[in-house]
Amino acid sequence: MPTTSYPDMRRVANEERSLSSRRDVGTAGSGGKIRAVANRIRYRDRLTRLGLHFLFVALFAIIGGSLRGFNLLLLLAGLLVSVVIVQWRCAHASIRRVSVTRRPIAGGHVGEAIEVGYLVKNRSRFIPAAFVQIEEALVPADGDDDEDQYTIHAAIGTVDSEQTGLTGAECRFQNRGVFRIGPTIASTTFPFALTVSERVVMNSQQSLFVYPRLLTLRGRWQRLLPPRPGGDGDRSTSGTSYQGDFYGLRPWQSGDHIRHIHWRTTARIGEPAVRQFEQRHQHRICCVVDGPAMETDATDNFEDLLSLAATLIVELGQAGIPTSLLVSDGLTTFTSQDSLHYSKGSDNHRLLERLAIAEPIVPGQSDRSNRSDRLMRAISAVGSQLARQDLVIVSHRRLKDVMRLHSKAGGRQATAAAATMPDWHQLARGGRLSWLCIESPEVQRYVDFQDPTKNRRGQPKGGRLH
């Protein structure tokens, strides 16, 4: 349901001024000048059902009074028509003095509440604005405007003169993808609900990214990641890659070297504890998604892959670990410029947006040999950029199956790919590779894949957004 609130007006006014100070800027022309884009606003007025009833009664009174010569009926008809005119003038003047600004919307995940907020400003000096309703269309970017259209509704009761009110609605999405919001339509039927006056901001469209749903990770799920050099203790088998200064202790994890166990703390708490060391070299992780082909794997596998990748990206971002993303799917171009996406500090929205638009491999996009080896082709295209990154590959296949498939490939394509392909066995021995098969018992142990929302892309949600 749309929610209406009355927050601190001082805070809302400051936020409104910051939004109004921003200018919508268009693209630069050949001369390099930037042109400001003004809001295109249209006003519309129409009768409500109650207004039509009023006019029908007035018409009946006019006809009856004219035929019978009853001045009282004619007086009643004039009164009814005057009420409709007063309603139209009041509503039209009220909506022209109201401006509605949509607050910036951050993307959200499937199943989570995404708040769409609006700032409603009343520019009138004396008359308050009442019963302002806001309506916006919500359409999938790749859907049909008529079949897959939803509507966002919000309302606010009263906005005093020269004040700004805040209202909004909460939306929960069952589909990932990109949605278009807009145009923004503000309307009012005050005071008699006989007419509707609308203010339509034509160029207020905005894209909303809905990311894959987040999974529930169980305790010690960090064992699914490659060992962090230094920062989380030395988990290499040789124990020769220690770099950094000691600064704390943590519970023991599988793969930690025995030389870093703190025996006094272990004896005191009854569980193995490992020394942690301050990082001297920044740790980077590249999450690689191995998208399945639609003709060979169920769509559920593809959605689980994206959900696991999104969950890992969010967790790594919260931990402050620089992360990159490589997706092998139906949209992959196999070029080093477009395939690899990087996070900016703790901002990982670009990576999540790539997961939101991911598509499975559709039969007919390429020949069968290329389609079966798309993961290797995607990695070989950015092989030089992955030299200093640890790999977390999320796949529906096992590593040995992929290696067997790659070894069978021949010809110039396999030879060229081998030149830039990382050494899987060397990465695994050095603790720089984690191959996460979503069907393996190890992944199932630490990740809960239960999906009550039935995450899909391109399928309309049952029910209405609220």
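**Salt bridges and cores in a predicted model**

Q: Quick one to start: is E136 buried or exposed?

A: E136 is buried, with a relative accessible area of 1%. Buried here means under 20% relative accessible area, exposed means over 50%, and partly exposed is in between, using a 1.4 Å probe and protein chains only.

Q: Before we go on, what sort of model is this?

A: It's a predicted model, where local features need pLDDT of at least 70 and side-chain atom pairs count only at pLDDT 80 or more, while totals for chains, interfaces and linings use all residues. Residues are numbered from 1 along each chain as its sequence is written, and side-chain values use heavy atoms, leaving out hydrogens and water.

Q: Thanks! Which residue does E136 form a salt bridge with?

A: That's R102, with the closest N and O atoms 2.5 Å apart. A salt bridge needs a side-chain nitrogen of Lys or Arg within 4 Å of a carboxyl oxygen of Asp or Glu. R102 sits in strand β3 (98–102) and E136 in strand β6 (129–140), so the pair ties together parts that are 34 residues apart in sequence. R102 is buried too, at 13%.

Q: How are helices and strands assigned?

A: They are DSSP runs numbered from the N terminus: H or I over at least four residues for helices, E over at least two for strands.

Q: How many salt bridges are there?

A: Eight by this rule. One of them joins R397 and D290, 2.8 Å from N to O. R397 lies in the loop between β18 and α9, and D290 in strand β15, so this bridge links parts 107 residues apart in sequence. Both R397 and D290 are buried.

Q: And what does R354 pair with?

A: R354 bridges to D329, again with the closest N and O atoms 2.8 Å apart. Both residues are buried.

Q: Switching topic: what's in the largest nonpolar core?

A: It has 35 residues, and those touching the most other members are V289, L308, L312, L325, L355, V394 and V447. Such a core is a set of buried Ala, Val, Leu, Ile, Met, Phe, Trp, Tyr and Cys residues joined through side-chain atoms within 4.5 Å.

Q: Which element gives the most to it?

A: Helix α5, with ten residues. There is also a second, separate core of 26 residues, including I114 and L208.

Q: What does L325 touch?

A: Leaving aside neighbours within four places in sequence, L325 is in contact (heavy atoms within 4.5 Å) with residues including V289, R354 and L355.
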